[in-house]
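Visitor: I would like to learn how to read salt bridges in a model. Can you walk me through a case?

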Amino acid sequence: MPRFRCLILGVLILCGLVAGSEYALRYHFDLAAPQIGLNSQNFGWTACNHSYLAAPVNQTVTFAIKPGVTNDLHFGDAGFRQAATSSNLTAPETICLGDERVLAPEIKHHQTFIALWDQLSNSSSGRNDESSICNAGMPYGCPLLWQIQFDERILPLKPRRVVCFIGQACLQNDYHVRRSVIFDEYGQIVASKHPGIKSDHGNSPQKRQKNPLEDYALFRLGVPVICKFFLNDMTQSDPLRTASPMMMKTAGSNEFIQLSLSPLLDMAKRCQAANIEFFVVYLPDQDEILNHDGHQISRNHSESHRQIASEYLTNAGVPFIDLISLLKSDPQVANAFNKQSDHFSVAGHQMIADLLVKSFNLSQATNAMENRVTK
C-alpha cells in the first residue's frame with residue numbers, strides 16, 4: 001500500500017511539473033527557448049505578409065549562442081541594430097544593408113565591423129557622432145529583400161550614404177525570397193509574403209486540419225532539443241537556411257546572378273534621385289579564402305560570379321568594392337572567421353572595419369580628384 005501511494009504521489013508530482021513547464025513555456029516561449037540553445041525567432045524578425053519579414057522595432061531580442069550562453073540584440077526606431085545606450089538618429093551618416101554576417105548576432109554590438117568602422121571614422125575626422133553608421137543587417141539579407149523595404153525603412157531617414165554588403169549567401173537567398181514575391185507585368189513588386197505565414201481559407205472544406213500537438217509549447221521545444229541532443233548538434237537549424245550551393249557552371253548562371261543583383265540597380269536609381277551616395281561591397285565567405293586546413297587558396301569557385309557581379313554593377317555605374325583580395329593580403333586572415341560557422345570572428349570584424357576605412361577614404365579621394373575643375 002505505501003508503495004502504491006508513493007507511485008500515485010510521484011505521478012502527481014510529474015504531472016505538476018509537466019503542467020508547470022507547459023504553462024511557463026507557452027507564455028514565456030521566446031525567453032525560454034534561447035536558454036536551452038534554441039532561437040524562436042530570426043534574431044527578432046518576424047514573418048510578414050507585406051514585406052517578407054518585419055523588423056523588430058524598439059525591441060531587445062535574446063539570441064542563443066549555445067545552451068546557457070546568450071547575447072542581447074538591441075533594435076531602434078527603424079529596426080536597425082544599435083548599442084543599448086544609443087539614441088535613435090533621424091539622419092544617419094551611413095546605412096549598411098546586409099545579411100546576418102553584417103548583423104553579427106553572436107557578438108556584442110561594439111565588436112561588429114559596423115560599430116568599429118563608425119568609431120574609426122569619427123576618430124579620424126575628429127567628430128563625436130554616436131551611431132552615425134547604422135547596422136541594417138537582417139536574416140536572409142539579399143538585394144530583393146532590401147528593395148522591398150527600401151522606401152519604407154531607408155529613404156525616410158535620408159542618409160548621406162547607403163552601402164550594400166553582398167556575398168554568396170545573399171545571391172542564394174534571392175531565390176528563396178523571390179519565390180514569395182508577386183510581380184506585375186512590368187516587373188515591379190506588388191506584394192511579398194513570407195512562406196511561414198499560413199494561408200487562411202476560412203470555412204473552406206479543403207482547409208488544413210490543425211495538428212493538436214502544435215498547441216503544446218513543451219512538445220515544440222522538447223522534440224527539437226531531444227533530436228539535437230542525440231545528433232550532438234545544439235545549434236539552431238532553420239529549414240529556410242538550407243539553401244543548396246549555387247552551381248556556377250550550370251547553364252544560365254550568368255543570368256541568375258544578374259537577376260539577383262538587379263534590385264541593386266533600382267536602389268541605386270532611387271538613391272541618386274534622393275542625392276544619396278550608393279555603394280556595393282562584396283564580403284567573401286570563408287571557403288573563398290581558406291581551405292579546410294586554414295590555408296589560403298589561390299583560386300576558388302566564386303571568382304566567376306564575383307567577376308560577373310563586378311562587371312554588371314560597374315557597367316551600370318554602381319561603385320563596387322571587392323574585399324577578397326584585401327583580406328587575403330592580411331597575414332592574419334586565417335583568424336578572420338569562426339571555426340563553428342562562416343561568420344566573421346571578432347578579429348575578422350576588426351579587419352573588415354580597417355579595410356572599409358581605407359577603401360572609403362580612397363573612394364572619397366578619387367571622387368574629389370575626378371570632380372576637381374582644372375583651369
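Guide: We will go through some salt bridges in this predicted model.

Visitor: What is the general idea, and how many salt bridges does a search of the whole structure find?

Guide: Side chains of opposite charge can pair when their charged atoms come close. Here the search finds 8 salt bridges.

Visitor: Which residue forms a salt bridge with Glu93?

Guide: Arg160 does, with the closest N and O atoms 2.5 Å apart. Glu93 lies in the loop between strands E5 and E6, and Arg160 in the loop between helix H5 and strand E8, so the pair ties together parts that are 67 residues apart in sequence.

Visitor: Where does Glu277 lie, and what does its pair with Arg160 tie together?

Guide: The side chains of Glu277 and Arg160 meet in a salt bridge at 3.5 Å, N to O. Glu277 lies in strand E11, so this pair ties together parts that are 117 residues apart in sequence. Glu277 counts as partly exposed, at 33% relative accessibility.

Visitor: How many residues apart are Arg270 and Asp266 in helix H8?

Guide: They are 4 residues apart, about one helical turn. Their closest N and O atoms are 2.6 Å apart in a salt bridge. Asp266 is partly exposed, with a relative accessible area of 22%.

Visitor: Which residues do shared partners join into one network?

Guide: Glu93, Arg160 and Glu277.

Notes. Residues are numbered from 1 along each chain as its sequence is written. This is a predicted model: local features need pLDDT of at least 70, side-chain atom pairs count only at pLDDT 80 or more; totals for chains, interfaces and linings use all residues. Side-chain values use heavy atoms; hydrogens and water are left out. A salt bridge is a side-chain nitrogen of Lys or Arg within 4 Å of a carboxyl oxygen of Asp or Glu. Helices (H or I, at least four residues) and strands (E, at least two) are DSSP runs, numbered from the N terminus. Buried means under 20% relative accessible area, exposed over 50%, partly exposed in between (1.4 Å probe, protein chains only).
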